[in-house]
Amino acid sequence: MEILVVKDYQALSEKAALIVTEEIKQHNMPVLGLATGSTPEGMYARLVEMFNNNLLDFSSVVTFNLDEYAGLSPDHPQSYHSFMHRHLFDHVNIMVENTHIPHCGDQNISEFCREYDRAISAAGGIGLQILGIGGNGHIGFNEPGRFLSVYTHLVELTEETIKANSRFFDSPREVPRQAITMGMGSIMHASKILLLASGNNKASAIQKTVSGIISTDLPASMLQLHHNVTVLVDQDAASLINSSGN
Ligand code: GLP
């Protein structure tokens, strides 16, 4: 794992956007795995800025989002569909048909999940997977527990995640209880992974992610088994790393 510590959120967003830019420029048909949440917002803003300055072309970019709430209409303002359009897709020359976000509608959920994984493989696999991290160490919506799933699947959200994500909704009761997420295998298959974290509230999860101990209780710790992971954190999120000797 490469751990890059930068000064603050702005530096993190800049650096993350540069890594994405490199990936886009290096491939004829770049395949990006995208994340939502507050953390990558600055990175998306920077990518849009670069596009507006004619420094980036999204016309051949293919994207697969990590996850989406289940039971929330794609046009709900807090859906990850809406998030992606608001922060990136509506502002760059990406082709909507090249963007993928889990949503099964009336389709059988297992069938949908299998198709999502097949679509990723058919696109040649994910070249660069962007990840945020939950305070409890979840990635995508792969929550801590006794088991982790390999493939895209339906997941019950933990109370901690529901509480954390309630800040985006009018009340915790409105937060969906389930989500569809890429599984750990889908994530681990990406050629490169970029994990982003900012702020003190992520420090403990980041410390455990890089500590050497791998456990299903902290799904992000599995990333230690991947051959090409960059953990890009600001000083606050990195604040507990040294105290553990890492
Ligand atoms: C959600 C998403 C994750 C994201 C996490 C952290 O639960 N499913 O993909 O990484 O929240 O979000 P934030 O960046 O807002 O802290």
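Modeller: In this predicted model, 13 residues surround the ligand, and the closest are Ser38, Thr39, Asp67, Arg167 and Lys202; a residue is near a molecule if one of its heavy atoms lies within 4 Å of it. Residues are numbered from 1 along each chain as its sequence is written. Local features need pLDDT of at least 70, side-chain atom pairs count only at pLDDT 80 or more, totals for chains, interfaces and linings use all residues, and side-chain values use heavy atoms, with hydrogens and water left out.

By class, the shell around the ligand holds three nonpolar, seven polar and three charged residues. Here Ala, Val, Leu, Ile, Met, Phe, Trp, Tyr, Cys and Pro count as nonpolar, Asp, Glu, Lys and Arg as charged, and the others, Gly among them, as polar.

Polar contacts are pairs of N or O atoms within 3.5 Å. A polar side-chain atom of His138 is 2.9 Å from an oxygen atom of the ligand. For Arg167, a polar side-chain atom lies 2.7 Å from a ligand oxygen atom, and an N or O atom in the side chain of Lys202 is 2.6 Å from an oxygen atom of the ligand.

The ligand sits in the largest pocket, in that more than half of its atoms lie within 2 Å of the pocket's grid points. A pocket is an open set of points on a 1 Å grid over the protein atoms alone, where a 1.4 Å probe fits, with protein on both sides within 12 Å along at least five of seven lines; lining residues have an atom within 4 Å of a point. The largest pocket is lined by 28 residues, of which Ile133, Gly134, His138, Asn165 and Lys202 lie nearest its centre.

Definitions and conventions
Polar contact = N/O pair within 3.5 Å; in protein donor to acceptor, adjacent residues only side chain to side chain.
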